[in-house]
Amino acid sequence: MGIQFKDVSFMYQGIKENYDALSHINLNIEENGEFIAIIGHTGSGKSTLVQHMNALLLPTSGKVNVLGQELPPQKKEKINHLRQKVGLVFQFPEYQLFEETILKDIMFGPKNFKSTEEEAMEKAKKAATIVGIDPELYEQSPFRISGGQMRRVAVAGILAMEPKILVLDEPTRGLDPKGRKDLMKIFKDLHEIEHKSIVLISHDMDIVSEYAKRVIVMDQGEIVFDGKKEELFEHPDFDKFHLELPTSLKILKHLEKEIGLPYEPKYDFKSLLSYLKEVDYE
Ligand SMILES: Nc1ncnc2c1ncn2[C@@H]1O[C@H](COP(=O)(O)OP(=O)(O)OP(=O)(O)O)[C@@H](O)[C@H]1O
Ligand SMILES: [Mg+2]
């Protein structure tokens with residue numbers, strides 16, 4: 001079933017003027033097996049787009065279908081359950097922590113979606129284990145742990161609802177390199193082991209190139225590219241997207257230019273290193 005957008009436009013209604021944040025979006029996201037990165041300059045409509053995926057925003061025109069349910073034109077119909085099915089982790093999700101203890105905070109989502117206290121606790125503990133929050137921390141205040149841990153607690157709060165699709169709005173922003181890597185490993189495992197579809201907004205091209213399979217590029221409310229990452233980074237008109245190349249590809253292009261090393265795209269540092277070790281050149 002997945003998520004489909006058909007000719008979707010969205011306008012923010014301001015007091016003085018309206019703003020067209022999305023125009024004529026067509027998109028199809030499978031329920032399983034996708035790892036999609038959404039990239040594009042600030043203000044290009046990425047967050048607005050993903051907020052349609054769990055019915056936080058409703059389209060001004062066009063149709064959005066989420067897991068078999070078409071979003072209504074107004075918030076009159078019951079659509080809250082879609083927030084459980086499509087888990088959205090906001091930018092800086094730790095700002096939304098509020099309970100007295102870490103465990104209670106993670107339990108909030110499942111309880112809200114009608115799990116009993118025991119069920120919610122079980123789901124919360126499972127989610128805490130996935131994100132690597134130690135049981136010793138369960139009864140601590142979520143405000144007394146490190147930024148990286150707070151981020152993981154917030155992610156656990158979404159995972160505890162057992163969403164079918166996970167949508168992440170710049171999940172690694174503001175984290176140090178280790179925090180970034182640890183968090184991306186969690187998403188990678190959810191994708192590879194549970195085959196969950198992941199939609200990830202990111203400005204970090206190294207993360208996009210290492211983890212995503214498919215990339216959607218947004219520009220001024222429109223999708224200007226949607227395809228495999230290999231197609232994007234090897235696109236003959238890559239420059240017209242005004243995007244940075246990932247570091248591994250920059251290094252390879254540089255080495256080709258400076259010392260004639262044969263260019264072969266590698267999308268993460270590990271495969272770059274093994275290529276450099278093995279490549280045969282004079
Ligand atoms: N609540 C709002 N009211 C009015 N305009 C808004 C609102 N939220 C966003 N916008 C405008 O809509 C456009 C798209 O915003 P959006 O937040 O979706 O962009 P983005 O691609 O996520 O940017 P960023 O990379 O900075 O997070 C921007 O021009 C923004 O100023
Ligand atoms: Mg945004």
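I take helices (H or I, at least four residues) and strands (E, at least two) as DSSP runs numbered from the N terminus. The expected span of a helix is 1.5 Å times one less than its number of residues.

**Conventions.** I am working on a predicted model, where local features need pLDDT of at least 70, side-chain atom pairs count only at pLDDT 80 or more, and totals for chains, interfaces and linings use all residues. Residues are numbered from 1 along each chain as its sequence is written, chains are lettered from A and ligands numbered from 1 in the order in which they are written, and side-chain values use heavy atoms, with hydrogens and water left out.

**Helix 4.** I looked up residues 117–130: helix 4 has 14 residues and reaches 20 Å from first C-alpha to last, close to the 20 Å expected. I then listed its buried residues (under 20% relative accessible area, with exposed over 50% and partly exposed in between; 1.4 Å probe, protein chains only). They are Ala120, Ala124, Ala127 and Ala128. They sit on the same side of helix 4 because they cover an arc of only 100° around the axis, the arc being that of the directions from the helix axis to the C-beta atoms. An α-helix has 3.6 residues a turn, so residues three or four places apart point the same way. On the other side of helix 4 I find Glu118, Glu122, Lys126 and Thr129 exposed. The buried residues pack against helix 3 (102–112) and helix 5 (147–159), with contact meaning heavy atoms within 4.5 Å. Gly132 follows helix 4 and has a positive phi, near 75°.

**Helix 9.** I repeated the check on residues 247–259: 13 residues, with a reach of 18 Å, close to the 18 Å expected. Ser248, Leu249, Leu252 and Leu255 are buried. Their arc of only 125° around the axis puts them on the same side of helix 9. They pack against helix 7 (205–211), helix 8 (229–233) and helix 10 (269–278). Just after helix 9, Gly260 has a positive phi of about 75°.

**Ligand 1.** I looked for residues near the ligand (a heavy atom within 4 Å). There are 14 around ligand 1, of which Thr42, Gly43, Lys46, Ser47 and Thr48 come nearest. For polar contacts I took pairs of N or O atoms within 3.5 Å. A polar side-chain atom of Thr48 lies 2.5 Å from a ligand oxygen, a backbone N or O atom of Gly45 lies 3.0 Å from a ligand oxygen, and a polar side-chain atom of Tyr19 lies 3.2 Å from a ligand oxygen. Strand 2 (18–29) and helix 1 (46–51) are the elements that give two or more residues to the shell. Helix 1 gives the most, with three residues.

Key. A polar contact is a pair of N or O atoms within 3.5 Å; within protein, one must be able to donate a hydrogen and the other to accept it, and residues adjacent in sequence count only if both atoms are side-chain atoms.
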